[in-house]
Amino acid sequence: MRSIDAREVTRQVSQMVVEANMILPGDVSSALEKALKNENNPSGREILGQLLENARLAGEMNLPLCQDTGLAVFFVEMGQECRLRGDLYQAINDGVAQGYDQGYLRKSVCDPLTRKNTGDNTPASIHLDLVPGDRLKIRFMPKGGGSENMSALAMLTPSQGLEGVKKFVLQRVAMAGPNPCPPGIIGVGIGGSFDQAPLLAKKALFRSLDDIHQDQQVRDLEAELFESVNSLGIGPMGMGGKTTCLGVKIGTAPCHIASLPVAVNIQCHAARHKEVSL
Amino acid sequence: MSREIKLNTPLQEEDVLNLRTGDKVLLSGHLYTIRDAAHKRLLQDLDQGVEAPFNMQGAVIYYAGPTPAPPGRVIGSAGPTTSSRMDVYTPRMHALGIKATIGKGRRNDEVKSALQEQKAVYLGATGGAGALLSRCITGSRVLAYEELGTEAIRELEVQDFPLLVVNDAYGGELYVTVRQ
């Protein structure tokens, strides 16, 4: 059995939270560049240019891409043949506290009732999956509040079907308009239970923009929704144009014969994420 | 072709009345950062007769919570937050003398009416361009509610801060409205 020291997890996490906040992933910057080439709306083009310039400057000035350095969201896959010496949740939270302090990141976490800031951006939102193997894979996303607030869940009925799903996704994106900092990524969770659908939507946001879904039907739905969202005309930061999203990513799970849960989790254009494997 | 207008704070009524939706504004002078928690505190304090921590006549509010300043910089990343959360406070802020607010995203009808009644404007800064915008900020100091951390009221000194007029004092609206 392979063994990993919890202190190594803390060290890796403290680094990855800082890097993720300062460097825009390659798939996202390529998608923004491609959007700039295709966009005809002058105001939309200007915004896309500013976003690319901002990404360049953030790297150069060692500043976060966005002042909203997010709630720290982790998806952790732990191999069944990997043993951790220490407390995994504590190790991740210690890494978040260290990274957010030493990297001059914003502390954006507070008590939901008193609204008092916890002061170190913990606790992180940690989802743990047990998987075959002996590796520990940690995926991190700083999730901004503006786009998260525009996300929603609908408990549709079977009669509403696929058409109902499409309608709900488009309604949510249209209603959100300029607020969630478009053009971002639309994460969609279809099926599962009341609690599973939003998690599927969030997990879908971790997929690279170039990633192609294995299921043909899901792939087609992603392509169709991508076209319809970009036909809404909202454009970069709501200034108009055909770039309202950079991608639509869908996750599905079987659901109850009576239900059709659909969750839409909107991600802003600063679609930051990072992964390490120990 | 949209106009580019240079303005200095505090804003005068004629500055505001000259602006139209779609105009570009390069703003210099002082901005006051106030987000959710500080709006609530400030208005409660004013109700109790406490004096405002800055002169509200003609002042410009920036809905922002910057990242901490790394060594050698006056401020960290400092882009706008979503304005609609502040809608509930905004008509009163304009009645108190605020001439412009800066943020991102839509405002509600009450705010749009207040802009017309009080002769004020809503300006948009590019969301998620926090590093880019921080270059226009030349000074920063906490004025009130330091215990709120990033949500404290700060006075920022800005030079040619780039903005777009989203809602003018005549009912104009810049954002694309999707009808479903």
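Biologist: Why does A:Phe75 count as buried?

Modeller: Buried means under 20% relative accessible area, while exposed means over 50% and partly exposed is in between (1.4 Å probe, protein chains only). A:Phe75 has 3% relative accessibility, so A:Phe75 counts as buried. One heads-up: this is a predicted model, where local features need pLDDT of at least 70, side-chain atom pairs count only at pLDDT 80 or more, and totals for chains, interfaces and linings use all residues. Residues are numbered from 1 along each chain as its sequence is written, chains are lettered from A and ligands numbered from 1 in the order in which they are written, and side-chain values use heavy atoms, with hydrogens and water left out.

Biologist: And what about A:Phe206, buried or exposed?

Modeller: Its relative accessible area is 8%, so A:Phe206 is buried.

Biologist: How many aromatic pairs are there over all chains?

Modeller: Rings of Phe, Tyr and Trp (its six-membered ring) pair if their centres lie within 6.5 Å; planes under 30 degrees apart count as stacked, over 60 as edge-to-face, and the rest as tilted. That rule gives 4 aromatic pairs over all chains.

Biologist: What makes A:Phe75 and A:Phe206 an edge-to-face pair?

Modeller: Their ring centres are 5.1 Å apart and their planes sit at 75 degrees, so the pair is edge-to-face.

Biologist: Which parts does that pair tie together?

Modeller: Helices (H or I, at least four residues) and strands (E, at least two) are DSSP runs, numbered from the N terminus. A:Phe75 is in strand S2 of chain A and A:Phe206 is in the loop between helix H7 (196–204) and helix H8 (216–230) of chain A, so the pair links parts 131 residues apart in sequence.

Biologist: What is in the largest nonpolar core?

Modeller: A nonpolar core is a set of buried Ala, Val, Leu, Ile, Met, Phe, Trp, Tyr and Cys residues joined through side-chain atoms within 4.5 Å. The largest has 38 residues, and those with the most contacts inside it are A:Leu24, A:Val28, A:Leu32, A:Leu209 and A:Leu246. Elements that each supply at least two residues of this core are helix H2 (26–38), helix H3 (42–61) and strand S2 (71–79) of chain A, plus helix H4 (109–118) and helix H5 (130–134) of chain B. H3(A) gives the largest share, 8 residues.

Biologist: How do you know where this core lies relative to the domains of chain A?

Modeller: Domain bounds come from an automatic or database domain assignment. Domain 1 (2–22 + 65–143) and domain 2 (146–271) of chain A both give residues to the core, so the core lies between them. Another core lies apart from it, with 28 residues, among them A:Ala6, A:Val96, A:Leu105 and A:Leu136.

Biologist: Which residues does A:Leu51 touch?

Modeller: Contact means heavy atoms within 4.5 Å. Leaving out residues up to four places away in sequence, A:Leu51 touches A:Leu32, A:Pro183, A:His269, B:Thr126, B:Gly127 and B:Gly128. A:Leu51 sits in helix H3 of chain A, and at 4% relative accessibility A:Leu51 counts as buried.

Biologist: How far apart are the domain centres in chain A?

Modeller: The C-alpha centres of domain 1 of chain A and domain 2 of chain A lie 25 Å apart. Their contact takes 9 residues from domain 1 of chain A and 11 residues from domain 2 of chain A.

Biologist: What does the radius of gyration say about chain A?

Modeller: The radius of gyration is taken over C-alpha atoms, and the globule rule is 2.2 Å times the number of residues to the power 0.38. For 278 residues, a compact globule would come out near 19 Å; chain A has 19 Å, which agrees. Of those 278 residues, 58% count as buried.

Biologist: And what makes chain B as compact as a globular protein of that length?

Modeller: Chain B has 5 helices and 7 strands. Its radius of gyration is 15 Å, close to the 16 Å from the globule rule for 180 residues, so chain B is as compact as a globular protein of that length. Buried residues make up 57% of the 180 in chain B.
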